[in-house]
Amino acid sequence: MKDYEKLFQKITSWAHERKIDQADPRVEFMKMTEELGELSSAYNKENYEKLVDSIGDLQIALLIFCKLVGVDHYQAMVTAYNEIAQRTGMTTDDGVFIKETDLKAINGEKRKS
């Protein structure tokens with residue numbers, strides 16, 4: 001938690017110096033969209049350095065976006081973790097995770113057919 005807070009303070013200071021923390025949230029939203037494209041490209045090209053760079057840029061844009069729209073980023077991460085912590089299911093051959101509840105629904109539909 002301490003490291004997170006220090007990092008968040010540095011990013012917040014950096015964003016404030018550049019007046020990014022006063023920007024329209026849509027600007028940071030578009031930055032996240034752009035970084036997802038960069039991330040996809042880096043992943044597809046197996047470019048590890050660019051992948052790390054894009055993940056970092058995406059996280060910074062997400063932190064700034066959260067601040068702009070009044071969402072506690074840390075609490076959002078905790079909430080997301082708590083939601084998935086007990087999730088059960090299976091991963092398909094192509095690497096897609098299917099929740100247990102969805103598996104039951106799929107199997108129920110197959111039985112009806």
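Modeller: The discussion below concerns a predicted model, and each term is set against its cut-off.

Colleague: What makes H1 and H3 roughly perpendicular?

Modeller: The two helices pack at an angle of about 80°, and their axes are 10 Å apart. Angles from 65 to 115 degrees count as roughly perpendicular, so H1 is placed in that class relative to H3.

Colleague: Which residues make the contact between H1 and H3?

Modeller: From H1 come Tyr4, Phe8, Ile11, Thr12, Trp14 and Ala15, while H3 contributes Ile60, Leu63, Ile64 and Lys67. By class, this contact of H1 with H3 comprises 8 nonpolar, 1 polar and 1 charged residues.

Colleague: How many cavities are counted, and what is the volume of the largest cavity?

Modeller: The count is 1 cavity of 30 Å³ or more. The volume of the largest cavity is about 30 Å³. Its lining consists of Phe8, Ile11, Thr12, Ala15, Asp21, Leu63, Ile64 and Lys67. Two elements, helix H1 (2-17) and helix H3 (48-69), each give two or more residues to that lining.

Colleague: Which element supplies the largest share of the lining, and how do the lining residues divide by class?

Modeller: H1 supplies the largest share, with 4 residues. The lining divides into 5 nonpolar, 1 polar and 2 charged residues.

Colleague: Why is His73 called buried?

Modeller: The relative accessibility of His73 is 7%. Buried means under 20%, and His73 therefore counts as buried. This residue is found in helix H4 (residues 73-85). Leaving aside neighbours within four places in sequence, His73 is in contact with Tyr4, Gln59, Leu62, Leu63 and Cys66.

Colleague: How do you know that Gln22 is exposed?

Modeller: Gln22 has a relative accessible area of 53%. The term exposed requires a value over 50%, so Gln22 is called exposed. Its place is the loop between H1 and helix H2 (25-44).

Colleague: Where is Glu46, and why does Glu46 count as exposed?

Modeller: Glu46 is in the loop between H2 and H3. The relative accessibility of Glu46 is 73%; exposed means over 50%, and so Glu46 counts as exposed. Glu46 also has a positive phi, near 55°, in a residue other than glycine.

Colleague: Why is Asp57 described as partly exposed?

Modeller: Asp57 has a relative accessible area of 27%. Buried means under 20% and exposed over 50%, with partly exposed in between; Asp57 is therefore partly exposed. Asp57 is found in helix H3. Between Asp57 and Met32 the C-alpha to C-alpha separation is 8.1 Å, and the two are 25 residues apart in sequence.

Notes. Residues are numbered from 1 along each chain as its sequence is written. This is a predicted model: local features need pLDDT of at least 70, side-chain atom pairs count only at pLDDT 80 or more; totals for chains, interfaces and linings use all residues. Side-chain values use heavy atoms; hydrogens and water are left out. On a 1 Å grid over the protein atoms alone, a cavity is a set of points where a 1.4 Å probe fits but cannot get out, and a pocket is an open set with protein on both sides within 12 Å along at least five of seven lines; lining residues have an atom within 4 Å of a point. Grid points are joined across faces, edges and corners, and a volume is the space filled by probe spheres set on the points. Ala, Val, Leu, Ile, Met, Phe, Trp, Tyr, Cys and Pro count as nonpolar, Asp, Glu, Lys and Arg as charged, and the others, Gly among them, as polar. Axes are lines fitted to C-alpha atoms, for helices over the stretch in contact, and angles run from 0 to 180 degrees between N-to-C directions. Angles under 35 degrees count as roughly parallel, over 145 as roughly antiparallel, 65 to 115 as roughly perpendicular and the rest as oblique. Contact means heavy atoms within 4.5 Å. Buried means under 20% relative accessible area, exposed over 50%, partly exposed in between (1.4 Å probe, protein chains only).
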